[in-house]
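Biologist: I would like to learn how to read a model such as this one, feature by feature. Could we look at it together?

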Amino acid sequence: MHAAEDPLCKVEDLGIAINGDVPVPIVDDISFEIRKGDYFALVGESGSGKSITCHSMMRLLPFKPKIKGRIAIDGHDVWSLNRSKLLAFRRKSVGMVFQDPLAALNPVRTIGAQMLETLRIHFPTADADDLRNRAVQALREVHIPEPGSRLGVYPHQLSGGLNQRVMIALALLGNPKLLIADEPTTALDMSVQAEVLDLIDEMRRKNDLSVLLVTHDLGIVRDRATHIAVLQNGRMVEQGPAASVADAPQAAYSKELFEASSVDWPDRDQTRRSREPLCLTFNMVNKTFFASKKDRANGVGIPAAKNMSFTVRRGEIVALIGESGSGKTTAAKMAMDLEKPDSGDIILHPSPRNFKDPLNVQMVFQHPRDSLDPLMRVEDQLHEVLSVHGWKDRGKRQEHILKTIEDVGLSAEVLARRPTYLSGGEAQRVVIARALLLEPDMLIADEPLSAVDVRIQKHILECLQRLRDRLGIAILLITHDLRVVFEIADQVVVLRYGRVVEDVPVSMFTDGARDEYTQKLIDAVPGNYDKDGADGEKNDGPPPAKADDTVMMRVLP
Amino acid sequence: MNFGFRLLRALISLWLIVTLVFLALRATGDPITAIFDPDNTTQAALDAYRRQWGYTGSVFDQYLAYLSNLLHGDFGFSSMANRDAFSVVTDRLPATLELVGCSALLMMLIGIPVGAIAAINDGGRIDRFVMTFSTVGFALPNFVLGLGLILLFAVNLHWLPSNGIGTPEHLIMPVLTIGISQAAIFTRFVRSSILDALKLQCVTSARARGISEWNVFWFHVIPNALLPLVTITPLLVGAMVAASAVVESVFGWPGIGRLIVESVAQRDLAVLQMIVMMIAAVMITTNLIVDLTYSRLDPRTSLARAH
C-alpha cells in the first residue's frame, strides 16, 4: 500500500447514461481525484450532473445506469463490488449528507430509532444502554443541545438546521474517510447555512475527513474548498486548486459563473432616502397566528408581525429580509390584502402617477412554474390577464403584450410556448411580465430568485432594476439572500420574529450593524468567512456553532 | 382532534344517513300502497298498517316517531319474513361478515406480496406480468368470474359445491370471486405506494448509511407506504360489500348481499332501510378506525393536531 501517494478517491473517465434502448447520457468524461484531507467542491448549475456524479460514487442512482470509466474510493472499485462488499463500503468508507434534511430522515421514525439502527450495524454486540450512550455522544459531537432528549423526537419537530446536524451525525457514525455533502445547505436559512458549513469544517479537522461538497453556491466554495471542479452539461469544464479557479477562472463558463456569484459590497453615495411619494406604509401592524382555538384562547401564538412599521416609496427597491418564520411572506400577503392584520394600519397610497387612482400592486411568486398554468400557452395566459381587466381589442392586447415581453428581456417567440418548454429564468420573467401587464405602481416579489440558477438570477435582477429605473416602479423584494440585497436594493428592512430590527439604506447596512441578528446575517454572507481558520493554521478554528434553540423552543412544547 | 370529537362526528354522520334513508323512502311515494296492493286490501287494513308502522300525521311527526323508534331499537317490521326487520338482518350478518372477512384476508395475502414484488421489479418482466393480470382481474365482472368458477369446479370437475353455506368448501368459490377482483385493485395500490416510498430521499439516505436492503425495506419503505394504503381501506370495504350483493346471489350465499336483492324484489322497505343503516354504520366505523390508525402511524398528523 502506498497510502501516502494513493488518492482516497479517484474518478476516471466517468460516464453515466440512463440505460435503455437508446442510452441517454447524463455525464461524460469526468475525472478527478480527492486526496486525504482535501475539501473538494463540485459546482455547477441544476442539470449539470453534479448530483448524479456524487450519487454514483455510492451507487445510489435512482435509475439503472450504464457506467463507463471507474470510480475507486478507499481501495474499492465501487461499481464492481458485490452486494455485501457494497454494504461494507457504504458503512465504513463514505458518509453522505443530503440537501433537505427533513426529507433525508424518515418522517415516521424517531431520531433515536434511526441512529440506533445505524449504530447497531457498527456495534452488533453492544447492549441497549451502550448504543444509547453512543447516540447521545454522536449528537453532542455535532453540538445539538440536550442531546439525550432529542432521541425521542421526530424529524418534523426539529428545525432544519438541527435536522442537518442529525444527518451529519448519522453520516459520521461509521467513521468514514470521505464525507459527500450534496447541497447540504440549500434548503436552510442563510445564518444556519454558515453554522452547518462550520460544523462540516470542524468535523473535517477533528476526524481527518476528506469532504466532497456538491453545490451551486459559489460563495461557499470560494470560502472553504481546497479544490474546485466546475461541471457544465455533464462535462467538467475546469478543475484545480480553489484559489486559482475562483480568482482566475479559465473556462468561459466558469468565468461567467464566478462573476455572477460575486458579492458587491454596497458602496453608494446616497445615504439619504429619496423624497419620492409614498406607495406603501406599514404602521404598527400586528399579526399573530394560532395553531388551534385552544392556543388562541391561551394567547400562545406565533407572531408574524409585531408593531411592524416601514414604508416603500415610488421608484425604490425595498428589500425585506429575514429567515423563514420571520414574517416576510405574511407582510407581503397583508400588503396584498390576502391576510388581515390583527391591528395597525397598512396604507396603500394613491397611485403616484394619478392621485385619483388607487395604487396598483402586483405580485411575483417564488416558484415561477407553479404560478403559471402548465396547459395554457404563455400568450393565452397573458391575454387572459388583460381581457379580465377589460381590454376588449385583441390587437391592442397583442401590442401591449409584445411591448411588455420586451421590457423583461424576452423575445416574442416565448409567447407560443407552454410553460413546460420555458427555462426557469424565462418562466420567472414571464411571471414578471404578467405582473407588469397591468402597469402596476408597485411590485411585490416573494423570493423571485430562489428557484433559479445563479446566472439567471443575474438576468432577473437586471430586469427588475431596469423596470425600476425606467418605469419608476416601487418594488418590495422579499429575500433571504443578502447578495441580492447588495446588488439592487435601496433600503433594507430586516425582520426577526415579526419585528423590524433594522430599517436602513443599503449603504449604511454593513457599517456597524446595530442589531446582533443583522450582524449574524452579514457574517453568514459567503465570502465573509475567515479562511485561515478553515485551513487549520489557527488552532482554535471557527467557534462551536450556536444551536438555533429559539427555533426549537417554538416547536417543542 | 381527540377521540371524543371524532366519535361525535361519526354519530352526526350516522344521524344524517338515517335522515336521508327516511326522506328517500318517503320520496318514493306512500310506502303502504307500495307494499300492499290497494285493490286487494281493504281501506281499514291499510289504515291499520299505517298506524302500526307510524305512517300517520305530518311528515315531521312521522320523522320524530321514526327517530324515536330507532332510538328504542325498533327498526320496523319485515313484511317478507313476518318478524322484526332487525332480527332478519342480524340473522344474515354473520354469513356476510365471514365472506367479506375471508375475502379481505385473501385480498391482502395476494395484494401485499405481489404488489411489493411488482414494485421492487418496477418495469421488469414480473411487474408487467402482474400489471396485466391485475387489469384482467378488475375488468372481469364478479358474476362472470363467479359463473366461470362454478362451471369449472362444480359442473365439470365436481370438486366444490356450487351453492349454499356450511362447510369450508362452500366458502372457497365466493371468497375467490370477491378476493381476486379486490386483490387486483389492491395490488395496484400496494405497488404504487411502495414505488412512491422507494423514491423517498430517506430511503436513499438509509441505503447510503449501509443499512441492508431487507432493513431498508421493512423499516423505511413499508412504514411510509402504509399511510396511503390505510387511507383507501374504507373504499375497499365498501367495494366488497357492494360486490357481495352480486356474488351472494350467484352462489346462493345467505348473507346481507342476497337479502338486499330479495328485499328489493319483495318491496320490504323495513329490511332495506335496516340494511342501508347497517352498511352506513359499518362504513362510518371503518372510517373512524382508519382515522385513529392514521394518526398513530404518522406522527406528523397527530402532533399537528395535538398543538
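Biologist: Into which domains is chain B divided?

Modeller: Please keep in mind from the start that this is a predicted model. Chain B is divided into domain 1, covering 3–74, and domain 2, covering 93–267, and the C-alpha centres of these two domains of chain B lie 37 Å apart. The C-alpha trace of chain B spans about 85 × 65 × 30 Å along its principal axes, and the chain has 13 helices and two strands.

Biologist: What share of the residues of chain B count as buried?

Modeller: Of its 307 residues, 30% count as buried. As for contacts in chain B with a separation of 6 or more, 70% of them come from residues 24 or more positions apart.

Biologist: Where in chain A is the confidence lowest, and where is it highest?

Modeller: Where pLDDT is low, the predicted coordinates should not be read in detail. Chain A averages a pLDDT of 83, with 90% of the residues scoring at least 70. The confidence is lowest in helix α22 (residues 549–555) of chain A, at a mean of 35, whereas it is highest in strand β6 (residues 94–97) of chain A, at 94. Over residues 530–557 of chain A the pLDDT stays under 50, and for this stretch the model has 38 contacts beyond four places in sequence.

Biologist: Which way do the residues of β8(A) point?

Modeller: In a regular strand the side chains alternate between the two faces of the sheet. In this case, Ser210(A), Leu212(A) and Val214(A) point one way from β8(A), while Val211(A), Leu213(A) and Thr215(A) point the other way, and all are buried. Strand β8 (residues 210–215) of chain A is thus described as mostly covered, with six of its six residues buried.

Biologist: Which strand does β8(A) pair with in the parallel sense over five bridges?

Modeller: One such partner is strand β3 (residues 39–43) of chain A, where Phe40(A) has Leu212(A) as its bridge partner in β8(A). Strand β7 (residues 178–182) of chain A also runs parallel to β8(A), joined to it by five bridges, and there Asp182(A) has Val214(A) as its bridge partner. From β7(A) the chain crosses through helix α8 (residues 190–207) of chain A to β8(A), in a β-α-β crossover that is right-handed.

Biologist: Which residues touch the most other members of the largest nonpolar core?

Modeller: In soluble globular proteins, nonpolar side chains tend to be buried together. The largest nonpolar core here has 118 residues, and Ile180(A), Leu212(A) and Ile228(A) touch the most other members. Helix α10 (residues 213–251) of chain B gives the largest share of this core, 12 residues. Leaving aside residues up to four places away in sequence, Ile228(A) touches several residues, including Ala41(A), Val43(A), Val221(A) and Gln239(A). Apart from this core lies another, of 71 residues, among them Met334(A), Ala335(A), Ile460(A) and Leu464(A).

Biologist: How many residues of helix α13(A) are buried?

Modeller: Helix α13 (residues 328–335) of chain A is mostly covered, with six of its eight residues buried, among them Lys328(A), Thr330(A), Met334(A) and Ala335(A). Just after α13(A), Asp337(A) takes a positive phi of about 65°.

Biologist: What is the order of the strands in the open sheet of four strands?

Modeller: The order is β2-β1-β4-β5 in chain A, with antiparallel pairing. The edge strands are β2 (24–34) and β5 (76–77) of chain A, each of which pairs on one side only. Strand β4 (residues 65–73) of chain A is joined to β5(A) by two bridges, and Ile73(A) has His76(A) as its bridge partner in β5(A).

Key:
Residues numbered from 1 in each chain as written. Chains lettered and ligands numbered in written order. Predicted model: local features only at pLDDT ≥ 70, side-chain atom pairs only at ≥ 80, totals over all residues. pLDDT = per-residue confidence, 0-100. Contact = placed C-beta atoms within 7 Å. Domains from an automatic or database assignment. Buried ≥ 20, exposed ≤ 12 C-beta atoms within 10 Å, placed from the backbone. Pairing = 2+ DSSP bridges. Right-handed = clockwise from strand over helix to strand, strands pointing away. Core = buried A, V, L, I, M, F, W, Y, C linked by C-beta atoms within 7 Å.
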